[in-house]
Amino acid sequence: MSPLPGLRPELRDSCASLGLMLSVVLFMGLARSIVRKELHRPAAHAFILEFLATFQICCCTHELLLLSEQDSAHPTWTLTLIYFFSLVHGLTLVGTSSNPCSLMMQVMLGGMSPEMGATRFLAQLLSALCSRYCMRALWSLGLTQYHFNERSFTCHNPIHADLAKAVITEAMCSFIFHCALLYFQEVRAKLRIHLLAALITFLAYAGVLLMILMFSFFLPWLHNSQTINKKE
């Protein structure tokens, strides 16, 4: 018997993916609560919490990417899920960085020792690799029509641009996000989480727009300004 009978196939598949992501969040939350109660060695405690946080984010990101590819006709649904799960991650993963750039920023600002930073980075790396194998195993169960074991984890090109432009666009988005992290440090935690979730959703939607503005308007204007200055 197929899950959620009576619903349209597209809606049933979306509900199954949503249930899968929420299950990952719940199981990781349960594991974190056990670790906080039973494990008291600082290094091991930090390693496992960082591992669980990164695993949660990576698994949900893989599934969200799958949903965005299948339901491209309804981008607002995908953006709603991005905002919702950014909010969920922000509320449940307090105290972890779950991102190498955020980790590096904390080390450089003196908020974390280099040794602890290396421990957390190793946890992130191992967790990201484990999430790939875990999601492949879950997809092999065939919970939805687009879950299959042979699905590739190769990088895709959602903005349809060459590598140099894609890297610059990604760098711009990352720079904006981490500047916002620094700026929002003094904002109340509950409000800060909503602001960052909204910013992540905006950047996910505006990646193509940033690339068009930069390569069609800003860089040509900068080049023309430099040419005029040299002539003068």
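**Aromatic pairs, helices and contacts**

Phe51 is partly exposed, with a relative accessibility of 21%. Phe55 has a relative accessible area of 12%, so this residue is buried. Here buried means under 20% relative accessible area, exposed means over 50%, and partly exposed lies in between (1.4 Å probe, protein chains only). The model is predicted: local features need pLDDT of at least 70, side-chain atom pairs count only at pLDDT 80 or more, and totals for chains, interfaces and linings use all residues. Residues are numbered from 1 along each chain as its sequence is written, and side-chain values use heavy atoms, leaving out hydrogens and water.

How many aromatic pairs does the structure hold? There are two. Phe51 and Phe55 form a stacked one, at 6.5 Å centre to centre with 10 degrees between the planes. Rings of Phe, Tyr and Trp (its six-membered ring) pair if their centres lie within 6.5 Å; planes under 30 degrees apart count as stacked, over 60 as edge-to-face and the rest as tilted. Both Phe51 and Phe55 sit in helix 2 (residues 42-70), four residues apart, about one turn of the helix. Phe84 and Phe85 make an edge-to-face pair, because their ring centres are 5.1 Å apart and their planes stand at 85 degrees. Phe84 is partly exposed at 37% relative accessible area. Phe85, at 1%, is buried.

Helices are DSSP runs (H or I, at least four residues), as are strands (E, at least two), numbered from the N terminus. The unreviewed UniProt entry annotates residues 16-35, 47-68, 80-100 and 196-222 as "transmembrane region". Such annotations may be inferred rather than shown by experiment; positions follow the numbering used here, and feature names are shortened. Residues 16-35 are 100% helix and 0% strand, with end C-alpha atoms 29 Å apart. Residues 47-68 are also 100% helix and 0% strand; their end C-alpha atoms lie 31 Å apart.

Now take helix 4 (residues 100-108). Its buried residues are Ser102, Leu103 and Met105. They lie on the same side of helix 4, because they cover an arc of only 160 degrees around the axis. That arc is taken from the directions from the helix axis to the C-beta atoms. Met104 and Met108 are exposed on the other side. At the N-terminal end, Asn99 is the cap: a side-chain oxygen lies 3.2 Å from the backbone nitrogen of Ser102.

Ser97 belongs to the loop between helix 3 (75-92) and helix 4. Its relative accessibility is 13%, so Ser97 is buried. What does its side chain contact? The Ser97 side chain makes a polar contact with the side chain of Glu50 (3.2 Å), and another with that of Gln124 (3.1 Å). A polar contact is a pair of N or O atoms within 3.5 Å; within protein, one must be able to donate a hydrogen and the other to accept it, and residues adjacent in sequence count only if both atoms are side-chain atoms.

The structure holds zero disulfides (pairs of cysteine sulfur atoms within 2.5 Å). Cys60 is in none, and its nearest cysteine sulfur, that of Cys59, is 6.9 Å away. Cys60 is buried at 0% relative accessibility. Cys15 is partly exposed, at 30%.

Finally, confidence. pLDDT is the predictor's confidence in each residue, from 0 to 100. The protein averages 76, and 73% of the residues score at least 70. Confidence is highest in helix 5 (residues 114-139), at a mean of 91, and lowest in helix 7 (residues 189-231), at 63. Where pLDDT is low, the predicted coordinates should not be read in detail.
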